[in-house]
Amino acid sequence: MTTEACPIRNHSQYPYLAWVMMIVSLLGTSLVNSQIPELGSLTIIYNRNALHPQVKTIYADIINGIRRGYADNGPVLEITDGVPDVVSADAVVVLGNTVVREALAADMDKPMVVGAVSWNVDAVYGVRIIPDPALVFENLRALVPAVNNIYIVVDANSRLLNPDYLVAAAKGYGIKAIIKQASDIKEAASIYAQLAKKMQSQDALWIPPGDRFVNKTLLSTLLIKSWKSYFAVISSNPYHVSKGALFAVSPDYYLMGKRLGELAQQVSDNPMLPPSMQPVRDVILNVNQRMANHMGLKIQVDEASSEGKTIQIQVQ
């Protein structure tokens, strides 16, 4: 009786197969590791699908600024479909009102910096998208030295602006802020009509951020009155400058993002840093040259930069 031995396969006879298996194994390990943020990493969370095309451009500027502000402190990961279940990073930047609310509800156990929000968020670090009203008054005083009064029609149902702060900030530049509240478009139109009749060259009218009252027709009426009576109409919307407003103060989104990135690094380095929100203090000042000339005003096209703020002047 003859017994045949079971053949033993020697893998050395299959060098190509062994090489392929080794490469696949290494690649698999590499791919898994690449999805785990390294120490010092930053995650940016927002919802790209919910953004209007124009807002996507704004977010791109903000995110480029965040990356620049965080610099070489670690890799930056973007999560573009809202708040995930788990975040593995040293710090998190959350963008947008809705996504920030979702992140707060998720109670992420990470230092959180918020941006592109219009309201003050408690117990977090961040930058509001609304420029500091003090910058508006500072530029008004610089461009219109003779101004004494500024009228502001605010939405009675909005908390974007603090009337007491408006009065105090304007007073710091020798300007009296006169606040009018309106609850709807009809009431606002009536207030604007009354103001336009009495305002003179020593007065100014500010269309504030988040305004929902001034439509194209009302804007045109105000600008015609402004031209005839030599009072300044200023805004937070650069579009209004193209139509005849004297100037608008709007955020410099790249620099705002840069501050968010720097803040994320500070929070990552020092988790015990007291949380606080701050308004945008890096802004673009859009000026209507024709209106300035009509009012006899001089414009110096320079970028003003000092501790904690940057003002970039653009003339139309």
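In the predicted model, residues Ala189, Tyr192 and Ala196 of helix 6 are in contact with Leu218, Leu222 and Lys225 of helix 7. Sorted by class, this contact of helix 6 with helix 7 comprises five nonpolar residues, one charged residue and no polar residue. Helix 6 spans residues 185-198 and helix 7 spans residues 216-229; their axes come within 10 Å and cross at roughly 10 degrees. Helix 6 is therefore roughly parallel to helix 7, since angles under 35 degrees count as roughly parallel.

Val214 is located in the loop that connects strand 8 (203-207) with helix 7. With residues up to four places away in sequence left out, Val214 touches Tyr192, Ile207 and Leu219. The C-alpha atoms of Val214 and Ala188 are 8.3 Å apart in space, while the two residues are 26 residues apart in sequence. Val214 counts as buried because its relative accessibility is 13%, and the cut-off for burial is under 20%.

For the protein chain as a whole, the secondary structure consists of 10 helices and 14 strands. The chain has 316 residues, of which 43% count as buried. Its accessible surface comes to about 17500 Å², and carbon and sulfur atoms account for 52% of that area. Among contacts in the protein chain with a separation of 6 or more, 73% are between residues 24 or more positions apart.

Two further helix pairs were examined. Two packed helices are described by the angle between their axes and the distance between the axes. For helix 2 (residues 53-70) and helix 9 (residues 253-269), the packing angle is about 40 degrees and the axes are 6 Å apart. Helix 2 is thus oblique to helix 9. The crossing of these two helices is right-handed. On the side of helix 2, the contact is made by Ile58, Asp61, Ile62, Asn64, Gly65, Ile66, Arg68, Gly69 and Tyr70. Helix 9 contributes Tyr253, Tyr254, Met256, Gly257, Lys258, Leu260, Gly261, Glu262, Ala264, Gln265 and Ser268. By class, the contact of helix 2 with helix 9 includes nine nonpolar, seven polar and four charged residues.

Helix 4 (residues 133-143) packs against helix 5 (residues 163-171) at an angle of about 35 degrees, and the axes of this pair are 9 Å apart. The crossing of helix 4 and helix 5 is right-handed. Pro133, Ala134 and Phe137 of helix 4 meet Tyr165, Leu166, Ala169 and Ala170 of helix 5. The contact of helix 4 with helix 5 has seven nonpolar residues, with no polar and no charged residues.

Several loop residues were also considered. The loop between strand 4 and strand 5 (125-131) contains Ala123. Ala123 is not a glycine, yet its phi is positive, at about 65 degrees. Ala123 counts as exposed because its relative accessibility is 67%. Asn120 is found in the loop between strand 4 and strand 5 as well. At a relative accessibility of 49%, Asn120 counts as partly exposed, because the class of exposed residues begins over 50%. Asn120 touches Arg128 and Met277 when residues up to four places away in sequence are not counted. Asn120 and Arg159 are 39 residues apart in sequence, and their C-alpha atoms are 9.5 Å apart in space.

A positive phi also occurs at Asp107, where the value is near 55 degrees in a residue other than glycine. Asp107 is placed in the loop between helix 3 (97-106) and strand 4 (112-117). With a relative accessibility of 64%, Asp107 counts as exposed. Val86 lies in the loop between strand 2 (76-79) and strand 3 (91-95). Val86 counts as exposed, with a relative accessibility of 65%. The C-alpha atoms of Val86 and Asp109 are separated by 9.4 Å, and the two residues are 23 residues apart along the chain.

Conventions. Residues numbered from 1 in each chain as written. Predicted model: local features only at pLDDT ≥ 70, side-chain atom pairs only at ≥ 80, totals over all residues. Heavy atoms only, no water. Axes fitted to C-alpha atoms, helices over the stretch in contact; angles between N-to-C directions. Helix = DSSP H or I, 4+ residues; strand = E, 2+ residues; numbered from the N terminus. Parallel < 35°, antiparallel > 145°, perpendicular 65-115°, else oblique. Contact = heavy atoms within 4.5 Å. Nonpolar A, V, L, I, M, F, W, Y, C, P; charged D, E, K, R; others polar. Left-handed = near helix turned anticlockwise from the far one by under 90°. Buried < 20%, exposed > 50% of the residue type's maximum accessible area, 1.4 Å probe, protein only. Areas by Shrake-Rupley, 256 points an atom, 1.4 Å probe, with all protein chains shown as cover.
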